[in-house]
Amino acid sequence: MRRSLKLAAVVLSGSLGIASLAACGAKSTDDKSSAGAGASGFKVGMAYDIGGRGDQSFNDSAARGLDKAKNELGATVNEAEAKSGESESDREQRLKSLVTSGFNPIIAVGFAYQDAVDKVAAENPNVNFAIIDSAAADQPKNVTSLTFSEEQGSYLAGVAAASKSKNNHIGFIGGVQSELIKKFEAGYTAGAKSVNSGITIEVTYLSTPPDTSGFADPGKGKQAAQGQLDKGADVIYSAAGSSGTGAIEAVSTAAGDKSDKWAIGVDSDQAKQPALERYKTHILTSMVKNVDTAVFTYIKSAKDGNVLTGVKNFDLKEGGVSLAVTGGYIDDLKAKLDAATQQITSGQTTVPTAP
């Protein structure tokens, strides 16, 4: 990575927190501005990671927080889209354009923005910035980090996966082999092994920094999932932005009309995503990072004149991460998952942040 990032855990959100750069295909970098009811001079800018609105995952969760600020706080908002293969200067220019247009605060979605945020924030000390899924020790004082305890939510996903696996064989797919996504892997593995210490866990990463295409390639996600299915994995968790939709498709296709193979979604409750409607009966659960909560909390603090500063982490105890229950497929695991949650929130269980 371009430099060592101190990644605290919310999740969000990850991340996929990005580091998380969650991702879909390339989109236009054109800005889109709109005003909420009763809009005043309060102008909020958001620079999305690759995928932007419509990624069914990380960026969409951030967008929900922005929409809430628009509707409930009367904010005028501007959304700037990223594109695949962009350079550091592209990210810097996106943030500078928001500053020039009078937006304050400005929220950068994903760890890939850390260097750009640091530079532009230092040049504009009177503008408040937030970055999701990243925290650098030397970032300017006008930068707030919104981070998540992805490893804690992923631990619960691992408990669910190991409990549902008939083959004692599960899988993990990471979009980009970064420190952030390794937190998902570490938590998932620890949770699964707490149920079955001898379980087999396949691990596949789709790309390595600086290549971030692993967050934006459903085809790669589908291929990786198929490879794990062929090896015998019957529950697959993807922390890979829009690439994870390909993994969900592969699992659903392999399962057909049976309930012997499961996908686990990430960041948003993916069983509720319209684009994934046809696969929802094979989505066991999703590890939800409440990025929307973090985004709205930050924007409201700015509107109230008492902007959050430093690192604000959203963990399992605060509801920053959780497991979705759509479909009722993990209802039979409630007692086990509640016990695991209590052990984490009480400090009895410390979830690792590295594999």
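My entries on this predicted model follow, grouped by element.

**Entry: helix α1 and its partner**

I began with α1, residues 58–73. I counted 16 residues in α1 and a reach of 23 Å from first C-alpha to last, close to the 22 Å expected at 1.5 Å a residue. Just after α1, I noted Gly-74 with a positive phi of about 70°.

Which residues of α1 are buried? I listed Phe-58, Asn-59, Asp-60, Ser-61, Ala-62, Ala-63, Gly-65, Leu-66, Ala-69, Lys-70 and Leu-73.

Next I looked at α1 against α8, residues 291–303: their axes come within 7 Å and cross at roughly 35°. I wrote the crossing down as right-handed. On the α1 side, I found Phe-58, Leu-66, Lys-68 and Glu-72 among the residues in contact. On the α8 side, the contacting residues include Val-295, Phe-296, Ile-299 and Lys-303. I sorted the residues of this contact into 9 nonpolar, 2 polar and 6 charged.

**Entry: the open sheet**

How many strands form the open sheet, and in what order do they run? I found 6, in the order β8-β7-β9-β10-β11-β13, with mixed pairing. The edge strands are β8 (200–207) and β13 (321–323), each pairing on one side only. From one strand to the next, I got an average twist of 15°.

Then I picked one pair to follow. Strands β7 (residues 169–176) and β9 (residues 235–239) run parallel and are joined by 5 bridges. Here I saw Ile-173 standing opposite Ser-238 in β9.

I also checked what helix α5 (residues 179–195) does at the sheet. I found that α5 packs on the sheet and touches β7, β8, β9, β10 (262–267) and β11 (283–289). The direction of α5 makes about 170° with that of β7.

**Entry: Gly-191 in α5**

While I was on α5, I looked up Gly-191, which lies in that helix. Is Gly-191 buried or exposed? I count Gly-191 as buried because its relative accessibility is 0%, and the cut-off for buried is under 20%.

Leaving out residues up to four places away in sequence, I found Gly-191 touching Tyr-155, Gly-158 and Val-159. I also took the C-alpha separation between Gly-191 and Ala-162: 8.1 Å, for two residues that are 29 apart along the chain.

**Entry: helix α7**

My last helix was α7, residues 243–255. It has 13 residues and reaches 19 Å from first C-alpha to last, close to the 18 Å expected at 1.5 Å a residue.

Why do I call α7 largely enclosed by the rest of the structure? I do so because 10 of its 13 residues are buried. Among them I noted Thr-245, Ile-248, Val-251 and Ala-255. I then asked what covers the buried residues of α7, and the cover includes β7, β8, α6 (218–230), β9, β10 and β11. After α7 comes Gly-256, with a positive phi near 60°.

**Entry: Gly-244 in α7**

I finished with Gly-244, which has its place in α7. I put Gly-244 down as buried, with a relative accessible area of 4%. From Gly-244 to Asp-217, I got 8.4 Å, C-alpha to C-alpha, with the two 27 residues apart in sequence.

Definitions and conventions. Residues are numbered from 1 along each chain as its sequence is written. This is a predicted model: local features need pLDDT of at least 70, side-chain atom pairs count only at pLDDT 80 or more; totals for chains, interfaces and linings use all residues. Side-chain values use heavy atoms; hydrogens and water are left out. Axes are lines fitted to C-alpha atoms, for helices over the stretch in contact, and angles run from 0 to 180 degrees between N-to-C directions. Helices (H or I, at least four residues) and strands (E, at least two) are DSSP runs, numbered from the N terminus. A crossing is left-handed if the near helix is turned anticlockwise from the far one by less than a right angle, and right-handed if clockwise. Contact means heavy atoms within 4.5 Å. Ala, Val, Leu, Ile, Met, Phe, Trp, Tyr, Cys and Pro count as nonpolar, Asp, Glu, Lys and Arg as charged, and the others, Gly among them, as polar. The expected span of a helix is 1.5 Å times one less than its number of residues. Buried means under 20% relative accessible area, exposed over 50%, partly exposed in between (1.4 Å probe, protein chains only). Two strands pair if DSSP finds at least two bridges between them.
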